[in-house]
Amino acid sequence: SGITLLMAVLAVGAVLGAVMWCLTAKPVAPGEMPGVEPVLQLFAFASSVVWMDVLANEAVALMESLGITFTVSTGILGLSVIAIGNSVGDFVADTAVARAGNPKMSISTCFGSPLFNDIIGLGLALSAACARTYPHEFVAELSPKLYVAWAFLAAALLFSLLMFPTYDFKPPRWMAAPLFAFYAGFLTLQVLDLTHVIHL
């Protein structure tokens, strides 16, 4: 039951906490770290991943409930509110890095972070799906909407690939206009399709 699981989690957490306290209670010299530092870092990373997953699931559930309450399509919410909210963290971090005098690192993070999420997310999901259907083939149907999304993504990436090196990774402000135009065009087409004005 739920109470049994909660008690088991609390017991395991108490035991691990006591073990960590015993291992880190001994004083260390200034500038040194306890020998269990790699273990602590691993636990901190795993805990961060779990919390981000929990928060992401709750945010999606909240958006779905709001969509049902106000009769707004969950697809539109996903393309707008959830997508923007998912990018706020990267926006703040990349802006801080750029203002600190590292424009190349900031721009690399803009592309590297979503790329890492896509590769790991799609890789793990496809691996799990293929493992479930093995030895049979895993068949996936691609919606025409995906081809539209890939077209806009390819256009934005090619534009960035040409312009950022041209300006030594210090692009002028006007470069934001075409990128916003790409997103606005993509969002407009998707909303028109979700509202059945057009069919992609």
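These entries follow what I looked up, item by item; the model is a predicted one.

**Helix pair.** I started with H5 (residues 144-166) and H6 (residues 176-194), whose axes come within 10 Å and cross at roughly 175°. That is over the 145 cut-off, so H5 runs roughly antiparallel to H6. By class, I get 12 nonpolar, 3 polar and 2 charged residues in the contact of H5 with H6.

**Rings.** The aromatic pair count comes to 5. One of them is tyrosine 147 with tryptophan 150, edge-to-face at 5.6 Å centre to centre, with 90° between the planes. Both sit in helix H5, 3 residues apart, about one turn of the helix. Tyrosine 147 is partly exposed at 48%, and tryptophan 150 is partly exposed too, at 43%.

I also checked phenylalanine 159 and phenylalanine 182: their ring centres are 6.3 Å apart and the planes are at 70°, so this pair is edge-to-face. It links distant parts of the chain, H5 to H6, across 23 residues. Phenylalanine 159 comes out buried at 17%, while phenylalanine 182 is partly exposed at 24%.

**Serine 106.** Is serine 106 buried or exposed? I find it buried, with a relative accessible area of 7%. It lies in helix H4 (residues 103-133). Beyond its neighbours within four places in sequence, serine 106 touches Asp94, Val97 and Ala98.

**Peptide bond.** Most peptide bonds are trans. The one joining tyrosine 134 and proline 135 is cis, with omega about 5°. I placed proline 135 in the loop between H4 and H5.

How values were computed
Residues are numbered from 1 along each chain as its sequence is written. This is a predicted model: local features need pLDDT of at least 70, side-chain atom pairs count only at pLDDT 80 or more; totals for chains, interfaces and linings use all residues. Side-chain values use heavy atoms; hydrogens and water are left out. Axes are lines fitted to C-alpha atoms, for helices over the stretch in contact, and angles run from 0 to 180 degrees between N-to-C directions. Helices (H or I, at least four residues) and strands (E, at least two) are DSSP runs, numbered from the N terminus. Angles under 35 degrees count as roughly parallel, over 145 as roughly antiparallel, 65 to 115 as roughly perpendicular and the rest as oblique. Ala, Val, Leu, Ile, Met, Phe, Trp, Tyr, Cys and Pro count as nonpolar, Asp, Glu, Lys and Arg as charged, and the others, Gly among them, as polar. Buried means under 20% relative accessible area, exposed over 50%, partly exposed in between (1.4 Å probe, protein chains only). Contact means heavy atoms within 4.5 Å. Rings of Phe, Tyr and Trp (its six-membered ring) pair if their centres lie within 6.5 Å; planes under 30 degrees apart count as stacked, over 60 as edge-to-face and the rest as tilted.
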